Amino acid sequence: MTLTTDLEKLPFVQPVTPIIYLVGGPGEGRFPHCNSFLLRGDRTVLIDAGIGVQRIEAIDRALRIDTLVVSHPHPDHILAWHALADRELLLPVQTPDSVFDLNQLGRRFVEGREDAAYWTHMVKKWLDLNPMRPPDRRFADGETLDFGPIQLQAIHAPGHLIDHYCFMETESRTLFSIDIDFTGFGPWYGNPESDLCLFRQSVAMLQTLAFERICSSHKAPIEAADAGQAFCDYLAAFDRHQQLILALCRKGMDLAAMLRESPFYRNRMPDTTFQRIFETQMIRKNIESLITDGRMVEKQGKYLVLD
């Protein structure tokens, strides 16, 4: 039996091209997992490790993984990186050294000492997340990662995080949009460093690229013929998020009341502390944008829409 046949017998592996495979994450790639992508060149490359240890080990038995490329260090993308700790590891040049220490990573991703400590405690307890080791090398915007038949162009696409990267496989023109993910939730920007303006710019930049298909970390692949509508819908979600905040503030509302309303998560996140942490950031970023645009003011702790 060939290695390709062994690989394609795995129920979570889906061919995208003859040398590119979508590896579905558990729970249809929803957090705390994501989809990964397996590329077969001179070396076998896995983009992101959010599929979990069991799926990585199953792939590795069918076809040894040589290199792990990490798009950005959110927990759902580095979840099982340690299963490949002895393989070549590539990280973005922008990724800070906090990724080597979960306490520091918590302080990067969460505002406030107590909340950051809670994040660190929970990713250890819930996800069994491991701090990463220093990479074998780092990549930068515009750099081509050379894996023989696979030529992977690194595309810096900040906003979601400062070190968020997408990739273009240049032969098949397959765009890996990673967490520009085209899900119904829309863009996620729940960390202190997340930036609405940069996020929009990154989405618009990807839209200008010449590609045959898009593979994201949390959704099925999108062919080029359907990509125009997907981009329009995703960009419209930024405006939809702002409309949710505007609707709450027609008569004035403070942040605590907005959090009780939970415009983004609809009070559906099982961990209410995480919901408060991330929704606070997303609400604040929209408020800041609306105030900058002259559509909202703050008066005595309440935010009011300007007609």
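Q: Let's start with Gln-300: where does it lie?
A: Gln-300 lies in the loop between strand 14 (296–299) and strand 15 (302–305). Helices (H or I, at least four residues) and strands (E, at least two) are DSSP runs, numbered from the N terminus.

Q: And what's this model based on?
A: This is a predicted model, where local features need pLDDT of at least 70, side-chain atom pairs count only at pLDDT 80 or more, and totals for chains, interfaces and linings use all residues. Residues are numbered from 1 along each chain as its sequence is written, and side-chain values use heavy atoms, with hydrogens and water left out.

Q: Back to Gln-300, what's its phi?
A: Gln-300 has a positive phi of about 50°, although it is not a glycine. Most residues other than glycine have a negative phi.

Q: Is Gln-300 buried or exposed?
A: Gln-300 is exposed, with a relative accessible area of 82%. Buried means under 20%, exposed over 50% and partly exposed in between (1.4 Å probe, protein chains only).

Q: Which other residue, Asp-128 say, and where does that one lie?
A: Asp-128 lies in the loop between helix 5 and strand 7 (137–139). Its phi is near 55°, a positive value in a residue other than glycine, and Asp-128 is exposed at 53% relative accessible area.

Q: What about the peptide bond from Phe-31 to Pro-32, cis or trans?
A: That bond from Phe-31 to Pro-32 is cis, with omega near 15°. Pro-32 lies in the loop between strand 2 (20–23) and strand 3 (36–40).

Q: Switching to helix 5: which of its residues are buried?
A: They're Asp-115, Ala-116, Trp-119, Thr-120, Met-122 and Val-123.

Q: What covers them?
A: The cover includes helix 3 (75–78), helix 4 (102–109) and helix 9 (272–292).

Q: How do helix 4 and helix 5 cross?
A: Their axes (lines fitted to C-alpha atoms over the stretch in contact, with angles from 0 to 180 degrees between N-to-C directions) come within 8 Å and cross at roughly 125°. Helix 4 and helix 5 are therefore oblique to each other. Under 35 degrees counts as roughly parallel, over 145 as roughly antiparallel, 65 to 115 as roughly perpendicular and the rest as oblique.

Q: Which residues make the contact?
A: Leu-102, Asn-103, Leu-105, Gly-106, Arg-107 and Phe-109 of helix 4 meet Ala-116, Trp-119, Thr-120 and Lys-124 of helix 5. Contact means heavy atoms within 4.5 Å.
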